[in-house]
Amino acid sequence: MAGDASPRADAARSATVRTEHADAVTVAAALAPDETDSMRTRVDGDVVACAVERPTTGGLQSTLDDHLVNLRVADRVIDRARDHAAATPDAADADAAHADSLDSADEPQTTDTDTQPDT
């Protein structure tokens, strides 16, 4: 029917998810390994936009569900890493403090494991 608004049975289903993040570039990079050929992600400022196209509604829903879970995990890991970095001293300062406290007991011990007799 010419005026029918229902989608064709063979038409692909698509959706775009746009989410804001404090570190959108890092979130997008974290998502990249889990993306499929049906997904296209781009970063626009603090927004990660992921366009998904699947042949079935169920497939689209499954892909979107996975994407949203991955977004949440990426955001939480980045937040925890940022909190951890803020709570620990600068790495260079920590290395210098550690180097100042080394003594001969801290040096790696080596053992000669040559079992061949000297000739």
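## Close-up views of a predicted model

**View A. Helix H1 has its buried residues covered by several parts of the protein.** Elements covering the buried residues of H1 include E2, E3 and H2. Please keep in mind as you look that this model is predicted. Which residues of H1 are buried? They are Ala24, Val27, Ala28 and Leu31. Looking down the axis of H1, you would find these buried residues within an arc of 95°, so they line one face of the helix.

**View B. The whole chain at a glance.** The protein contains 3 helices and 3 strands. Starting from the N terminus, you can follow its elements in the order β-α-β-β-α-α. There are 119 residues in the protein, and 18% of them count as buried. Among the contacts with a separation of 6 or more, 63% are between residues 24 or more positions apart. The protein exposes about 9100 Å², with carbon and sulfur atoms supplying 51% of that area.

**View C. Three strands make an open sheet.** In what order do the strands lie in this sheet? The order is E1-E3-E2, and the pairing is antiparallel. E1 and E2 stand at the edges with a single partner strand each, so one side of each has no neighbour in the sheet. On average, neighbouring strands are turned by 15° against each other, if direction is ignored. Between E1 and E3, which run antiparallel, there are 8 bridges. You can pick out one example by finding Ser14, whose bridge partner in E3 is Glu53. Helix H1 packs on the sheet and touches E2 and E3, with its direction making about 30° with that of E3. Helix H2 also packs on the sheet, where H2 touches E1, E2 and E3, and its direction makes about 15° with that of E1.

**View D. Strands E2 and E3 form a hairpin.** Follow E2 (residues 39–44) and then E3 (residues 47–54): these antiparallel strands are joined by 6 bridges. To find a pair for yourself, look for Arg42, which has Ala49 as its bridge partner in E3. The hairpin has 2 residues between its strands, and Gly45 takes a positive phi near 65° there. Strand E2 also contains Asp44. Is Asp44 buried or partly exposed? Asp44 is partly exposed, because its relative accessibility is 46%. Asp44 and Ala24 are 20 residues apart in sequence, yet their C-alpha atoms are 8.1 Å apart in space.

**View E. His67 and the residues it touches.** His67 belongs to helix H2, which spans residues 57–87. With a relative accessible area of 3%, His67 is buried. Which residues does His67 touch, leaving out those up to four places away in sequence? Its contacts are Val17, Leu31, Met39 and Cys50.

**View F. Arg82 and its salt-bridge partners.** Side chains of opposite charge can pair when their charged atoms come close. The model has 2 salt bridges. In one of them, the side chain of Arg82 meets that of Asp23 at 4.0 Å, N to O. Arg82 lies in helix H2, while Asp23 is in the loop between strand E1 (13–20) and helix H1 (24–31), so this pair ties together parts that are 59 residues apart in sequence. Arg82 also meets Asp79 in a salt bridge, here at 3.6 Å, N to O. Arg82 and Asp79 are separated by about one helical turn, because they are 3 residues apart in helix H2. Shared partners in these salt bridges join Asp23, Asp79 and Arg82 into one network. How accessible are its members? Arg82 is partly exposed, with a relative accessible area of 38%. Asp79 is partly exposed at 38%, and Asp23 is partly exposed at 26%.

Notes. Residues are numbered from 1 along each chain as its sequence is written. This is a predicted model: local features need pLDDT of at least 70, side-chain atom pairs count only at pLDDT 80 or more; totals for chains, interfaces and linings use all residues. Side-chain values use heavy atoms; hydrogens and water are left out. Helices (H or I, at least four residues) and strands (E, at least two) are DSSP runs, numbered from the N terminus. Buried means under 20% relative accessible area, exposed over 50%, partly exposed in between (1.4 Å probe, protein chains only). Contact means heavy atoms within 4.5 Å. Two strands pair if DSSP finds at least two bridges between them. Axes are lines fitted to C-alpha atoms, for helices over the stretch in contact, and angles run from 0 to 180 degrees between N-to-C directions. The arc is that of the directions from the helix axis to the C-beta atoms. Accessible areas come from the Shrake-Rupley method with a 1.4 Å probe; for residues, only the protein chains shown count as cover.
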